[in-house]
Amino acid sequence: MRTGIATVCLSGTLKEKMQACAIAGFDGIEIFEQDLVTSPHSPEEVRKMAADLGLGLDLYQPFRDFDGVTPDLLKANLKRAEAKFNLMERLGMDTILVCSNVATATIDDDALRAGQLAELAELAGAHGVKVAYEALAWGKYVNDYEHAYRLVDMVDHPNLGTCLDSFHILSRDWDTAPIEDINAEKIFFVQVADAPKLSMDVLSWSRHYRVFPGEGQFELAKFMGHVVRAGYTGPVSLEVFNDVFRQSDTERTAVDAMRSLIWLEEQSAQWLASTSAADGTEGAAASRRRYPMELATLPKVNEPAGFNFAEVKADDTAQLEKLLGQLGFGFEGRHRTKDVQLWTMGQARVIINEQAAQDAEPAIAALGFDVDSPVIASARAQQLKAPVVARKVQADEEVFQGISAPDSTEIFLCQGSPDGTAAWTHEFGEGLEHASSAQNAVIDHVNLAQPWQHFDEAVLFYTSALALEPQPFAEVPSPSGLVRSQVMETSNGAIRLVLNLAPAQQAQTARKTYQEHIAFAVDDLVAAARSAHKRGLEFLQIPANYYEDLDARFDLEPGFLATLKELNLLYDRDANGEFLHFYTATVGSVFFEMVERRGNYDGYGAPNAPVRHAVQYDSLHRV
């Protein structure tokens, strides 16, 4: 699949955008007219720069408001078009995007539109240019891709074809199956963009909220599957208008964009394979070969089986050690060659890392996931542009496959074991004796704060590289503003990762100031809380008003309610079960949570989140 991206997707100058696209590995670019107009480089210089970078110049865009106009305006439009065709010759470009008219169309007549497009195609042919006509979702008279193609078919000129844009099609819920009926030779260009499902006017939706494939809710694999079946072989190019992307680091956004196309290519191949299987036709590989467009796939991996460990980095670790001890974790000792500690409770393992941590406040630094094959999982992540994280190891030490997440959290892919143990723990020794009767525990979920400019990137990263599924996001009120919360999890809930977008006022330094936490699941939370209380644990103090409200909502047994209040425990219940949990005080930017899931409760105590945010805010700002 030939990959492309419109320069409008990125921040920076035209030169910076082109360099970033080349570094990310794109085959070509669409030049957005404004980027060229504002560039100090001549068209000839841009052409040479693209050649030096190995980038094709695939599309010049946009040419607006051409069709459905009066004769006088048509004459002016043709003159304007000829100037652009001359410019494209200097650039060495052969395809221009012409959008259906939005502003100046006054005549709703397909015969007239076809005649005017025929004149444009004839002029384009004289300059060696192809015209890709696109139906804008908000076009005045033409807003449907099938309508646009009917006009192209009426004209029947070799220099006039259509452009299929996933946003304009999927935002209007148009059926994508008829794409297969379009003559592939008349599909001159394909643009893709994802988006969250929003209830707003389509123009504003398009201009501000498009995202890269895999970061929204559109059925892009199905869209691309129909495009492939139609026989299209040209570029598949990203056209994403997004306020955040236009303010973010250019190279990093380009890499995220490339990751999204790699992911989309794999998803499209899987869609084709699954629909072929449903139709009783050939297998996956054979079904891809039946079409002219080659779709690459990635090393296949299963979703992670569970958390292997969580790591907190800090310079001064005394408070962390005290907190873990009070929770009931046992100190298993220091690593034999590294300045790190291991603390465990059952199968919940926490590493305290003191390496390269000068003046660092405690913060979550790394997570380990149990996977079937760490090497294959790492190879997949690297093909998806994930940066590699390497750690020095000595002989007879576990070699972890590491990659870096968008928020800089290090992700280590570990060899899982059927009994949940970890072979690398033998590298630690001379810990403290601790009671063997301590509660069993596992890491239930981890909550990570995300920088505002990389939130969507993080969702795609965990979806594509680690096979986690995004759940519907929620917005939680806090004293600092709304916190957007995105749960990423495996199908069985063995991995639950919560990505939080900090309120705007904390966004610039989210990883430094916004709190994150690790939650541990135990079998008996009340017993765990009583034991922790005896060890002197400082619980997050929950207001009495919360328990009055809890009683009103759930009509709890008085003794049970009194226990909750006594121990500062929080409670939730749904049709499937119950959820008990408590929080510790915060150390640096980290706090811990202990939970107990009863029945089939699968949530996170969402109704209690505003209480936690308010109490933590008050604690941080108390004079």
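**Close-up 1. The hairpin between β24 and β25 in the predicted model.** A hairpin of two residues joins β24 to β25, and the model in which this turn is seen is a predicted one. Strand β24 covers residues 570–574 and strand β25 covers residues 577–583, and the two pair in the antiparallel sense over five bridges.

Close-up 2. A search of the whole structure finds 23 aromatic pairs, and one of them is formed by F560 and Y571. Their ring centres lie 5.7 Å apart with the planes at 80°, and the pair is therefore classed as edge-to-face, since planes over 60 degrees apart fall in that class. Because F560 belongs to helix α18 (residues 558–567) while Y571 belongs to strand β24, the pair ties together parts that are eleven residues apart in sequence.

Close-up 3. The strands follow the order β14-β15-β16-β13-β9-β12-β11-β10-β17, and their pairing is mixed. β14 (388–389) and β17 (428–430) each have a single partner strand, so at these two edges one side of the strand is left without a neighbour in the sheet. The pairing of β14 with strand β15 (residues 401–404) is antiparallel and runs over two bridges, with I403 of β15 as the bridge partner of V388. Helix α12 (residues 318–327) lies across β9 (306–313), β11 (340–345) and β12 (348–353), and runs at about 15° to β11. Helix α13 (residues 374–383), in turn, lies across β13 (363–371), β14, β15 and β16 (410–415), and runs at about 150° to β16.

**Close-up 4. The second largest pocket.** This pocket has a volume of about 700 Å³ and is lined by 34 residues, with E311, K313, N353, A365 and R391 lying nearest its centre. At least two lining residues come from each of β9, β12, β13 and α15 (510–513), and β13 gives the most, with three residues. Sorted by class, the lining of the second largest pocket holds 14 nonpolar, seven polar and 13 charged residues.

**Close-up 5. The barrel of eight strands.** The strands close into a barrel in the order β1-β2-β3-β4-β5-β6-β7-β8, with parallel pairing, and the twist from one strand to the next averages 30°. As one part of this arrangement, strand β2 (residues 28–32) pairs with strand β3 (residues 56–63) in the parallel sense over five bridges, and L57 of β3 is the bridge partner of I29. Helix α4 (residues 71–91) lies across β3, β4 (95–99) and β5 (130–134), and runs at about 165° to β3.

Close-up 6. The largest cavity has a volume of about 80 Å³, and of the 14 residues that line it, R64, L136, R207, E239 and F241 are the closest to its centre. β3 and β4 each supply at least two residues of this lining, which by class has seven nonpolar, two polar and five charged residues. The second largest cavity holds about 50 Å³ of space and is lined by F245, S248, R252, T253, D256, Q453, H454 and E457. Helix α10 (residues 250–278) contributes the largest share of the lining of the second largest cavity, three residues, and this lining divides into one nonpolar, four polar and three charged residues.

Methods: Residues are numbered from 1 along each chain as its sequence is written. This is a predicted model: local features need pLDDT of at least 70, side-chain atom pairs count only at pLDDT 80 or more; totals for chains, interfaces and linings use all residues. Side-chain values use heavy atoms; hydrogens and water are left out. Two strands pair if DSSP finds at least two bridges between them. Helices (H or I, at least four residues) and strands (E, at least two) are DSSP runs, numbered from the N terminus. Contact means heavy atoms within 4.5 Å. Axes are lines fitted to C-alpha atoms, for helices over the stretch in contact, and angles run from 0 to 180 degrees between N-to-C directions. On a 1 Å grid over the protein atoms alone, a cavity is a set of points where a 1.4 Å probe fits but cannot get out, and a pocket is an open set with protein on both sides within 12 Å along at least five of seven lines; lining residues have an atom within 4 Å of a point. Grid points are joined across faces, edges and corners, and a volume is the space filled by probe spheres set on the points. Ala, Val, Leu, Ile, Met, Phe, Trp, Tyr, Cys and Pro count as nonpolar, Asp, Glu, Lys and Arg as charged, and the others, Gly among them, as polar. Rings of Phe, Tyr and Trp (its six-membered ring) pair if their centres lie within 6.5 Å; planes under 30 degrees apart count as stacked, over 60 as edge-to-face and the rest as tilted.
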